[in-house]
Amino acid sequence: MRAAVLKGPGLLVLDDLPDPECPKGGALIRIKACSICGTDVKMLEAGHRDLAYPRVLGHEMAGIIVEIDGNSTTQEGDLAQVWPGIACGQCRQCRRGDDHRCQEIGILGFSRDGGLAQMLALPPQSLERGLNLLPRELDPSLAALAEPLACCLNGQERSQVSEGDSVLILGGGPIGCLHALLAEMRGAERIIVAERLDSRIQAIRDNTSAQVLQVKESLPLQKALASEIDVPEVDVILTATPEAEISRALVRLLSPGGRLCVFSGPRPENHMQLMDLKPIHYRELTLTGAYGCSSRHNREALSLLGSGAIDADWIITLRASLSEIHDAFAYSGQRRGLKSVICM
Ligand SMILES: [Zn+2]
Ligand SMILES: [Zn+2]
């Protein structure tokens, strides 16, 4: 089979690998669509904590089940979307439904081969919680967005985005756009997306109810918010770009009871920010983080896409073939459009 293999830092190779066999108790999937995530680009450029080389990348995928060895609600011939977590199902975190925090978690496309290949071997642990039947008529490339949407759902649950909230999203890439759609669905009253690029700003204006704040070097975010949007403070801040700097000035934008969610992994130079604990105490602020999504988040996200409650089709701005993998990575890495999806 053809597969996009990351062999080392900066070395992504389109390779011919032997077709995988159906794992005992697992399943074999013929991939139909796998979208490229900011994390894939980060892995190519700089590696990742949970990555082991060589690795077939891809953790946002959907395909046809060609073989299944065990009990599942899905069957051979079904179109399914795959939750990339491989969780034990036994540990304390798994038992209480937080299977993305499993003590022994593996992740397809990180620690096991993922979906940027013609075939995917799904381990037995994934049969029960990792295989999700596609809602009827849902395009597999759209179903591939269930995983990133599920990660946003996790982030918005962690930061309790709810009715009447004002929400500031830092970054208007594919993740920022999904956050905006989701916050709207959850009843947020005011949604502001801070973004630099004109093309992305236009897409957000055309497709969401969010206000857009154009980020400029010359004008600090705090000043821009006050002068251009007339919002002195917000209830929730979500970081949707690794460039977001979590500073005291950013924390000062939170209204009493406000929540800050470190959603995007910050750049190393932004890892160690000193916190001022005073506003956390006096203004009852919450600082939280989100990494990945549970299998429940994944199922919910897929049904939001299937029902049309979240219309994310406009976020896919490039559909490419596996042989165009390098172009698709460049497209995502250079932020030319929004989301790129490899279709097979
Ligand atoms: Zn991702
Ligand atoms: Zn577990």
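How close do the axes of helix α5 and helix α6 come, and at what angle do they cross?

**Entry 1: the helix pair.** I worked from a predicted model. I looked up helix α5, residues 146–158, against helix α6, residues 174–185. Their axes come within 9 Å and cross at roughly 60 degrees. I therefore recorded α5 as oblique to α6. For the handedness, I noted that α5 passes α6 in a right-handed crossing.

**Entry 2: the residues in contact.** I then listed which side chains belong to this contact. From α5, the contact is made by Pro148, Leu149, Cys152, Leu153 and Gln156. From α6, the residues are Ile175, Leu178, His179, Leu182 and Ala183. Sorted by class, the contact of α5 with α6 holds eight nonpolar residues and two polar ones, with no charged residue.

**Entry 3: the cavity.** I found one cavity of 30 Å³ or more. The volume of the largest cavity is about 40 Å³.

**Entry 4: the cavity lining.** Which residues line the largest cavity? I noted Val251, Leu254, Leu260, Met275, Ile280, Leu285, Thr286 and Leu287. Two or more residues of this lining come from each of the elements β15 (254–262) and β16 (286–289). By class, I counted seven nonpolar residues and one polar residue in the lining of the largest cavity, and no charged residue.

Terms used:
Residues numbered from 1 in each chain as written. Chains lettered and ligands numbered in written order. Predicted model: local features only at pLDDT ≥ 70, side-chain atom pairs only at ≥ 80, totals over all residues. Heavy atoms only, no water. Axes fitted to C-alpha atoms, helices over the stretch in contact; angles between N-to-C directions. Helix = DSSP H or I, 4+ residues; strand = E, 2+ residues; numbered from the N terminus. Parallel < 35°, antiparallel > 145°, perpendicular 65-115°, else oblique. Left-handed = near helix turned anticlockwise from the far one by under 90°. Contact = heavy atoms within 4.5 Å. Nonpolar A, V, L, I, M, F, W, Y, C, P; charged D, E, K, R; others polar. 1 Å grid on protein atoms, 1.4 Å probe; cavity = no way out; pocket = protein on both sides within 12 Å on 5 of 7 lines; lining within 4 Å. Points joined across faces, edges and corners; volume = space filled by probe spheres on them.
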